[in-house]
Amino acid sequence: MALRVPQAAGPQLFKEGYKNLEGLEEVILRNIQATKEMSEITRTSFGPNGRNKMVVNHLDKLFVTSDAATIIRELEVVHPAAQLMVMASQQQEAEAGDGTNYVVILGGELLQRAEPLLRMGLHPSEIARGYELALAAAIEGLETLSVDKVGSWADTDELLKAIRPAVAAKQYGQEEILAPLVAQAVAASMPKDHSRFNVDNVRVVKIMGGGLSQSRVVHGMVFPHAPVTSKHRAECVRVAVFSCPVDMGQTETKGTVLLHNANEMLEYTQGEESQMEQAVRELHDAGVGVIVCGSGVGELAIHFLNRFNIVAVRCPSKFDLRRLCRVVGANPLARFGVPTPEEMGYCDEVRTDEIGGDRVTIIRQWTAKELTDGRAERRPAFADRIQRSPLVTVVLRGATQNALDDAERAVDDGVNVVKALTKDARLVPGACAAEMELARIIHTTAERTPGINQHAVKAFATAMEVFARTLGDNVGVDSTALVAKLIAAHHAKAAPEGGALVGPTIGIDVNCEHEPRLLDAVAAGILDPLAVKLWAIRYATQAALTVLQVDQIVMAKTAGGPKLPKQQQANWDEQD
């Protein structure tokens, strides 16, 4: 036994206020508990039968949604280990556009399965080596589970194979309405080189009223308001885009104008009018028929725009202004004046429609089918030389704002799934069939792994079963019996005489009433992109390994002075 020599009292290593945590109980197990609580928040929102969460953020804005990406984004997570899970899910959102809940659930489950191994005496490095072996086996096994791929990017039936399951996970029961809309929009905006597909080319506009079945796809850009001018329609016109207000310029400093008589007052107002008239006349002489501004349009400008039959549309969003510039091939100008021919854009049609009592403005280019109907003769010669990008707008209808927001998230997920498929078009069985088959493959790998690493590999295989248990809990059936049925189906070598479902494509039927029921995911058309699952398993494992290999936490004192207690507001009736 070594003799511990008392240290002399001297200067401390850290400043006053630092927290230093180390050891198994204080660091690793606490981190595992924090990630467990994080995963339990989003776990009940997984799958088609996931429950909604009501989140009120720091701005008192209410969110009622089952989308894990929105829930995680609006929660202010402060625990450092849970923040690692949040960052991994955000990276999954940026890489694949879907599977954020997948990352959080799998990462939390991997850490929970590591806890009993740590209590048994295994070192975190040994568990990490086992998890790395299991990750390699999972990636290799996932590559062999590919059952189909998207063949044609212009065929909506091919796209629906991947879009319908992704939309059903967010809007179960409405996928037959939303999935064809997403497929139609993606097929219309898909370039010849599908690897250059841009998700920004599919835009969503939400209009209150009606029902979701009244939603439709519009080729072009849709603004949820009418033009500010009296003219509401134009064809084959040049477009000028301004990011500044269309109005008389204001001086940078305050000024005083001294008027001596009435004639000077008349001349003062006539000077403004003549300047605005000259500016609008120059736009008209340059051939501009439509102007789009990012700010307001003055009353005097509207008067002269009406006189010269120019359509004016407001676009307060700078992101929509950039999209519009891509559609018409224009450059946004920061000053109000006549643009050069290179800065102008071109538009085949600008019109105003009425959708459910709301007037909307549509700016669009004619499709190739419409040009064959005799409209090509009306287009000017320079129209084909302008670089334009196809943009499609999905107009969603709904009774409440929360329902529209959830439908928009489902549309975004469907579009992002197609973006992931443009990188890797392979599809794997859904309905937890791929996860259960991976659990079987990893368990087989564990049995062949010598040494103490096999315990961690088996824990990884058991962690892959969490998705089946979660789906069973959310559906409302006995998850233990459901997982047992799935394990038996995936371990069976051949179908018995009774015709029971066996094989690597067997998943969960979420339409079961009380008893757990299985189905063939490929026969039911439930397919998931291979790339989404591949990146999700990678990110979840890497996040779990990062948390697992932390043995010390050093936290500095929060900057700033002491926080004042919040003053509770008195009732209005108690005020003097």
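Which residue forms a salt bridge with arginine 440? The partner is glutamate 437, and the closest N and O atoms are 2.6 Å apart. A salt bridge here is a side-chain nitrogen of Lys or Arg within 4 Å of a carboxyl oxygen of Asp or Glu. This is a predicted model, in which local features need pLDDT of at least 70 and side-chain atom pairs count only at pLDDT 80 or more, while totals for chains, interfaces and linings use all residues. Residues are numbered from 1 along each chain as its sequence is written, and side-chain values use heavy atoms, with hydrogens and water left out.

Back to that pair: arginine 440 and glutamate 437 both sit in helix α13, three residues apart, or about one turn of the helix. Helices (H or I, at least four residues) and strands (E, at least two) are DSSP runs, numbered from the N terminus. An α-helix has 3.6 residues a turn, so residues three or four places apart point the same way. Glutamate 437 is buried, at 5% relative accessible area, whereas arginine 440 is partly exposed, at 23%. Buried means under 20% relative accessible area, exposed means over 50%, and partly exposed is in between (1.4 Å probe, protein chains only).

The structure holds 30 salt bridges. Another one ties glutamate 277 to arginine 307, with the closest N and O atoms 3.5 Å apart. That pair links distant parts of the chain, as glutamate 277 belongs to helix α8 (residues 262-285) and arginine 307 to helix α9 (residues 299-307), 30 residues apart. Aspartate 424 and arginine 426 also meet through their side chains, at 2.8 Å from N to O. Aspartate 424 is buried, with 17% relative accessible area, and arginine 426 is partly exposed, with 26%.

Next comes glutamate 349, in strand β11 (residues 345-355). Glutamate 349 is buried, at 5% relative accessible area. Its side chain makes polar contacts with the side chains of arginine 351, at 3.5 Å, and arginine 364, at 2.8 Å. A polar contact is a pair of N or O atoms within 3.5 Å; within protein, one must be able to donate a hydrogen and the other to accept it, and residues adjacent in sequence count only if both atoms are side-chain atoms. Leaving aside neighbours within four places in sequence, glutamate 349 is in contact (heavy atoms within 4.5 Å) with residues including Arg233, Ile362, Trp366 and Arg375.

Not counting residues up to four places away in sequence, valine 205 touches Val222, Pro224, Thr393, Val394, Val395 and Leu396. Alanine 81, by contrast, is 38 Å from valine 205, C-alpha to C-alpha, and 124 residues away in sequence.

Helix α14 (residues 453-463) has several buried residues, among them Asn453, Val457 and Phe460. The buried residues of this helix pack against α4 (100-120), α5 (124-143), α13 (433-448), α15 (466-475) and α17 (530-548).

What about the cysteines? With a disulfide taken as a pair of cysteine sulfur atoms within 2.5 Å, the count is zero. For cysteine 325, the nearest cysteine sulfur belongs to cysteine 315, 8.6 Å away. For cysteine 347, the nearest is that of cysteine 236, at 8.8 Å. Cysteine 347 is buried, at 0% relative accessibility.
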